[in-house]
Amino acid sequence: MLSKLNRNRLRFAYLMIIPGFMLMAVFVFYPILYGLPLAFTNYSVVDEMKWVGWKNFDRAFKDPIFIKSIWNSLIYLIVVPIIQLISILMAILVNNRLRGVQFFRVAYFVPVVTSMVAAAIAWRWMFQGNGILNYLLQSAGLIGKPISYLAEADVALFAIMCVTVWKGLGYYMMIYLAGLQSIPSEMQEAARIDGAGRAKVIWYITIPLLKPFVLLCSLISMMSAIRVFDEVYVMTAPLPGAPFNATMTSAVYTYEKAFRDFDFGYAAALGLIVSLIVMVISIIMFKYGRKGGMSYYG
Amino acid sequence: MARRSRLTAVLLAVVMMMTMVLAACGSNNESSSASNSAPPTGSAQQSGEKSEAPKENVQIDFWTLSLSPNFDDYINGRIKKFESENPNIKVKWTDIPYNSAENKLLTSIAGGNTPDVVNLNTVLALTLASKNALVDLNAEATEEQRSIYFEKMYNSTALGNSAYAFPWYLTGAVFMYNKKIYEEAGLDPNTPPKNWDEVVQQAKTIKEKTGKYSFVYTNHILADLRELGVPILNEDKTKVMINTPEVLKHAKWVKSLYDQELIPKDGVTGKYTYNIDQFQAGQMAMLMTGPQFLNRVKENAPDVYKNTGVAELPRLTQDGDIVTALMNVVIPKLSDSHKEAIAFANYITNDESQLEFAKVVNILPSTKQAAKDPFFTTEADDPESKAKVITAKQLDRAYDFTFGLNRENDIIKAFNDEWDKMLLGQQTPEEMIKAAEKSMQEKLDAINAEFK
């Protein structure tokens with residue numbers, strides 16, 4: 001039985017949740033629920049809507065560009081472990097009590113607050129045949145001929161991934177930094193007294209204790225990677241997914257179907273398929289990434 | 001307990017994920033009710049009934065693309081004149097940014113606030129027409145209203161026996177070149193190329209002497225093929241016909257330009273955007289596009305502008321049609337004042353309005369009488385004026401490329417993807433033709449199956 005005080009607190013808590021929940025209900029949950037039946041129609045906003053059954057899904061599984069876009073989105077997941085690894089190292093670095101460390105914390109965070117469109121345009125220039133990247137690599141003697149990174153089908157997607165990694169590091173670094181600061185210092189001190197070196201402390205103490213944060217960051221990062229849109233759309237303009245769909249991701253293709261072709265029913269079906277894929281990956285991540293934090297030692 | 005909270009956490013996470021992925025595809029209920037329950041007033045019969053009795057106090061919502069604030073005086077002046085001649089009609093003008101036209105229009109239609117007259121490019125007009133969203137002007141406009149335009153331009157938005165837009169303004173294409181780079185390469189800056197052989201020759205010299213690229217091949221390839229006499233589709237639009245010697249020859253020629261490194265690979269993906277950026281930066285010698293970009297060069301790179309020469313665009317053939325970027329005005333079916341909307345759309349695109357507009361900005365008219373005005377043959381010394389005279393000569397050959405098919409963008413994209421693959425060395429011209437033909441045929445079959 002809850003005491004009267006606790007009951008009042010609980011009521012107050014619910015009261016505080018209601019406004020946010022209402023906003024979510026109107027702008028998030030309702031569109032989701034509306035999107036589900038939409039996937040079974042030929043909805044185009046401007047024409048009469050008809051129920052088409054499983055036709056959109058049938059079309060999706062036979063659509064080579066959609067299959068390619070899903071594949072590209074899955075390849076894009078490569079950024080997830082890369083971002084986690086680098087941002088953990090960055091967090092450890094800026095967690096030191098050094099003079100001027102605040103500057104580095106801010107500097108690493110700058111890409112996060114930079115507009116993705118502006119950043120993507122700048123990166124696009126850098127990746128051009130006569131861009132600064134080729135200039136630097138050629139000056140260092142690492143490459144002979146300049147490479148058009150965004151025009152080479154085998155390279156373009158990875159070039160765009162670099163932008164995602166660059167942009168995301170600071171954000172995840174901040175989460176890991178918060179995680180690091182929540183780790184009780186006694187455990188690390190105890191390990192040091194027992195003779196563990198700096199690397200061993202990081203590997204056996206810090207990272208296992210950060211595991212709940214790794215799971216959280218990986219999940220957010222995974223969802224962002226599968227939904228990647230801005231970088232691809234801006235860097236491959238005026239032909240989204242260029243060259244010849246080598247960089248087409250599921251979000252860009254869904255957007256193109258919805259807002260270029262007004263094929264909202266089909267786009268909703270594509271969105272549903274992608275969300276099911278995200279769900280499966282998330283369940284796997286939950287299953288294998290759950291153990292961590294203090295439970296690691298339990 | 002721990003198990004239950006884990007389950008709750010998983011459920012919450014799943015909901016969040018679905019939220020994030022699906023939110024972009026969601027819509028609102030009003031939109032469906034608007035498109036379902038609002039009675040479409042666009043059928044010819046209904047409109048015909050309306051046309052018997054002129055309405056009192058009609059308001060026409062007129063949307064344009066990126067014309068404000070530069071042309072406020074011109075548009076407001078035309079509206080005022082129209083209103084004085086048609087006292088029962090009031091026009092409310094709204095200008096929307098070019099890039100958000102689709103979203104704004106959809107949101108507006110979904111919210112039940114359909115504009116009556118909308119300025120759209122041909123691709124978007126055709127996309128909306130294929131969704132049954134626009135008034136068929138062959139059915140609802142009068143012969144007098146339709147006959148003022150160049151026929152090729154009026155037919156740019158034709159699907160079958162219907163046509164869905166009044167053509168408005170257009171821009172031709174000119175050859176712009178950086179005289180300074182020509183001088184650096186030892187070329188005569190007053191002798192621009194007259195044909196494509198000379199373009200290639202000059203590009204080779206420029207590359208050798210300065211290391212700079214000259215151009216990006218920005219031509220609409222399917223329009224190139226049509227200019228070269230390739231039918232592309234058979235007469236009843238059921239079969240793709242691109243496996244011809246002309247296509248192979250053209251493909252080999254364009255590919256050779258890339259193989260000789262006369263065109264940068266970045267141009268395959270960046271197209272005209274890349275070409276314009278590089279031209280403005282003084283890194284590229286030639287720019288083959290609409291003269292309206294002269295203004296952009298003038299603003300962004302005054303030094304390059306000072307050295308920019310303008311000449312006639314080299315053509316693949318001497319007498320072929322010329323692809324142009326056409327702006328149109330359409331009337332959405334959900335407008336409840338078809339007759340008045342058609343009258344205003346016709347007015348804002350008539351000879352008088354277009355001639356006045358052309359005098360304000362470097363565009364060309366789509367109406368026959370306006371094009372005959374001496375204004376289009378009078379040349380001053382500045383690049384813009386030269387460009388105007390050059391492009392005005394192209395008017396009777398100008399058209400906006402279209403197959404007159406629903407969802408034809410799918411077919412064009414299928415071709416372009418295979419073409420780009422070839423340019424980037426992923427397949428030979430012979431393989432490209434086979435792959436493009438197969439891919440285009442699949443799209444064509446799907447379209448014909450869906451819209452028959």
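Helices (H or I, at least four residues) and strands (E, at least two) are DSSP runs, numbered from the N terminus. Ser66(B), for example, is found in the loop between β1 and α4 of chain B.

## About the model

This is a predicted model, in which local features need pLDDT of at least 70 and side-chain atom pairs count only at pLDDT 80 or more, while totals for chains, interfaces and linings use all residues. Residues are numbered from 1 along each chain as its sequence is written, and chains are lettered from A and ligands numbered from 1 in the order in which they are written.

The scores of the model are ipTM 0.79 and pTM 0.81.

## Confidence

pLDDT is the predictor's confidence in each residue, from 0 to 100. Its average in chain A is 91, and 97% of the residues there score at least 70.

Confidence in chain B is highest in helix α17 (residues 338–348), at a mean of 97, and lowest in helix α2 (residues 29–37), at 34. Two stretches of chain B stay under 50: residues 13–17, with seven contacts beyond four places in sequence, and residues 19–51, with 73 such contacts. Two residues are in contact if their C-beta atoms, placed from the backbone, lie within 7 Å. Where pLDDT is low, the predicted coordinates should not be read in detail.

## Chain A

Chain A has 13 helices and zero strands. Its C-alpha atoms fill a box of roughly 75 × 70 × 30 Å along the principal axes.

Of the 298 residues in chain A, 37% are buried. A residue is buried if 20 or more other C-beta atoms lie within 10 Å of its own, exposed if 12 or fewer, and partly exposed in between, with C-beta atoms placed from the backbone. Among contacts in chain A between residues at least 6 apart in sequence, 69% join residues at least 24 apart.

## Chain B

The secondary structure of chain B consists of 22 helices and 14 strands. Chain B has 452 residues, and 43% of them are buried. Of its contacts with a separation of 6 or more, 74% are between residues 24 or more positions apart.

Helix α5 (residues 101–110) of chain B has several buried residues: Leu105(B), Leu106(B), Ser108(B), Ile109(B) and Ala110(B). Just after α5(B) comes Gly112(B), with a positive phi of about 80 degrees.

## Two packed helices in chain B

Two packed helices are described by the angle between their axes and the distance between the axes. Helix α13 (residues 245–259) and helix α22 (residues 429–451) of chain B pack at an angle of about 125 degrees, with their axes 9 Å apart. Axes are lines fitted to C-alpha atoms, for helices over the stretch in contact, and angles run from 0 to 180 degrees between N-to-C directions. α13(B) and α22(B) are therefore oblique to each other. Angles under 35 degrees count as roughly parallel, over 145 as roughly antiparallel, 65 to 115 as roughly perpendicular and the rest as oblique.

On the α13(B) side, the contact is made by Val247(B), Leu248(B), Ala251(B), Lys252(B) and Lys255(B), and on the α22(B) side by Pro429(B), Glu430(B), Met432(B) and Ile433(B). These residues divide into six nonpolar, no polar and three charged. Ala, Val, Leu, Ile, Met, Phe, Trp, Tyr, Cys and Pro count as nonpolar, Asp, Glu, Lys and Arg as charged, and the others, Gly among them, as polar.

## Backbone exceptions

Most residues other than glycine have a negative phi, and most peptide bonds are trans. Ser66(B) is not a glycine, yet its phi is positive, near 50 degrees. Ser66(B) is partly exposed, with 14 other C-beta atoms within 10 Å. Lys271(B), also not a glycine, has a positive phi of about 45 degrees. Lys271(B) is in helix α14 (residues 266–280) of chain B and counts as partly exposed, with 18 C-beta neighbours inside 10 Å.

The peptide bond from Ser68(B) to Pro69(B) is cis, with omega near 5 degrees. Pro69(B) lies in the loop between β1 (58–65) and α4 (72–85) of chain B. In chain A, the bond from Ala242(A) to Pro243(A) is cis, with omega near 0 degrees. Pro243(A) has its place in the loop between α11 (230–235) and α12 (250–260) of chain A.
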